[in-house]
Structure formats: structure tokens, C-alpha cells
Amino acid sequence: MKSYLKLMCGAFAMLFVFSGCNHSAPAENVSEPSPVTPVQVTTVRDSSLSEFIAFSAVSAYLEKSFVKANINGYIQNAQAIVGKQVGSHQLLFSLITKEAKSIGNSVNKLDAGFKFSGISDIRADQAGTIIQVNHQKGDYVQDGEALAVISNRNSLVFLLDLPYEYNQLINQNRSLEVLLPDGSKMTGTVSGTMPSVDSLAQTQRYVLKVAASKDIPEGLIAKVKLTKVNHAQAQVLPKSAVLANETEDEFWVMKLINDSTAVKINVKKGIESEHTIEVLEPKFSKTDRIITSGNYGIADTAKVKIQK
């Protein structure tokens, strides 16, 4: 019996040894290759950039002339119509005195040398647009009474209400671009300013003289751009090349240090236009390659592949 027990114990021991030997050695960790991101690149270039501030300006005609009666009488003929364009010395009204209307042509029948008609013609003093008509044919008017109002087409201006904090910019922008709602542009110059400030809005009114090639209605709201900063030789990159954090207080670009590795370079942003951004710092070489596509979300020293 003892021999049998010894034999069984030896068999179990051998089985334990063989089972331990069957466990394979743990496999070594094999690192996966870093992903390669396809990218497109560009280089910096020099360009002229300006930073603008836009304000609204309203069209107005500063000069208005009043067409007045020069006699007491009735309006025999009226050619003045609101909105009508008239030239200088164009006939607008014909007046006939009360006496001439009563007597008629009786005086001339008595003596043809009198040539009495009692009719007075009223003409426009200047070219412009009739914006108001006060009397029509058949009305009785008195000497000096206003018959119509004409706005002088050469007195067109735009009135700019500028916050007083920007009044120094006017000295830098004596010539301004006026953008109309239909997309057309005009050049305006500052011809004067009002010597007072709106107490509530704290704005000062400036008068912009423009040379209009077409008729501009009064009260039209246009956009006026004031140049705040102008950099003639700015180092610029496409907007897609400059990345930012969520709070947009940190900016960077991904620069290639060789054909397959991109590193993160923090930059200081300057003027921003519709398609480009000025990079103030650091100064890049004209041969430095900056990623414009595929740069979002990649880490520093990322592996990349340039696409053409």
C-alpha cells in the first residue's frame, strides 16, 4: 500500500511539472505604427491688410430752393410734379393776376399798344428734384408764397454720426468709401462737422460730400468704412492654416520640420480679412511649409504625408 501511495504521489508531481511547462511565455507588446495624416501645405506671403470699422450714414440734400409766387393771382398753369427732375430756369408755374383774369383781353382791344396779359412765369432757380408741391392749377396765391420745393442735386451728402471715441480716425480717413445697399460704391470726402455732440448717443455728425453718378434718394442708409489700422507689408496665411482653442485666446499653426513630421508653433494673430490672417509673431521663412488642410486635431510631432 505504501508503494502504491508513493507511486501516485510521484505521478501527480510529474503531472504538475508538465502542466507548468505547457504555459507559453507572455507575448511581448508590439507597438502599432503611428497614423499618418494626409495634409496640404502652403507658405507665408506678404500682403497689404487693413482693419476697418463700419458705420451707417444717411443721404441728404443740404440745399433746397423754394419756388415762390412773385405776384398776387391765380395759378393758370402748373407743370411741377413731385419727383420730377427739372433743369435750371425750367418753367414750373404761370400766374395771372386777379385783375387780368377779371378784365380779360379788354384792355388790348381798346389799345393794342398796351400788350397787357397779366401773366407771370415762375421758373426753377436751379436743377434738382421737386420734393414738394404746395399748389395746383386754379389756386389763388399771394406774393412771396411758396409754390414748390426743389432739392439741389449737386448738394448730395451723407451724414455720418460717429461715436466721439473714434473722432481721431477722421483725420486718418479724409477720403472714405461709401457702400450703397445695391452694392455700388462711391468715394466721399469729409467736408465739415457739426460743433455739437448728441448728449444721449455721444455721437458727432460729420458731412461727407460725394460725387454721385446717379440719382440718390434722400434718407438712404449706406455703410461707411473707416480704416483703423493699415499694414502695408503683413505676413499672412490662409485662415485654414491658423488654429485656435475654444476660448480663442491661443492660436497656433502646424509647421513641417521635414517631409513627414509636423510640429505645433504658437503664433500671435494680427489683422484678419475675409480669407487671410496676419501672423505677427514669429517670423516665418518664405520656404517654411505650413499645413492648411488636415491640421485640425493632430498632435505635436504628428506624422503626416503631403498631398499634391
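Predicted model: local features only at pLDDT ≥ 70, side-chain atom pairs only at ≥ 80, totals over all residues.
Residues count as partly exposed when their relative accessible area falls between the buried limit, under 20%, and the exposed limit, over 50%.

Side chains of opposite charge can pair when their charged atoms come close. In this model, nine salt bridges were counted. Among them is the pair of Glu 272 and Lys 239, whose closest N and O atoms lie 3.1 Å apart. Glu 272 belongs to strand S18 (residues 261-272), whereas Lys 239 sits in the loop between strand S15 (221-238) and strand S16 (243-244). The contact therefore ties together parts that are 33 residues apart in sequence. Glu 272 has a relative accessible area of 40% and is therefore partly exposed. Lys 239, at 30%, is also partly exposed.

Glu 272 has a further partner. Lys 269 forms a salt bridge with Glu 272, with 3.1 Å between the closest N and O atoms. The relative accessible area of Lys 269 is 29%, so Lys 269 is partly exposed. Through shared partners, salt bridges join Lys 239, Lys 269 and Glu 272 into one network.

Strand S18 also contributes Lys 264. This lysine forms a salt bridge with Glu 250, the closest N and O atoms being 3.9 Å apart. Glu 250 lies in the loop between S16 and strand S17 (251-256), so the pair links parts 14 residues apart in sequence. Lys 264 is partly exposed, with a relative accessible area of 37%. For Glu 250 the value is 32%, again partly exposed.

Methods: Residues numbered from 1 in each chain as written. Heavy atoms only, no water. Salt bridge = Lys/Arg side-chain N within 4 Å of Asp/Glu carboxyl O. Helix = DSSP H or I, 4+ residues; strand = E, 2+ residues; numbered from the N terminus. Buried < 20%, exposed > 50% of the residue type's maximum accessible area, 1.4 Å probe, protein only.
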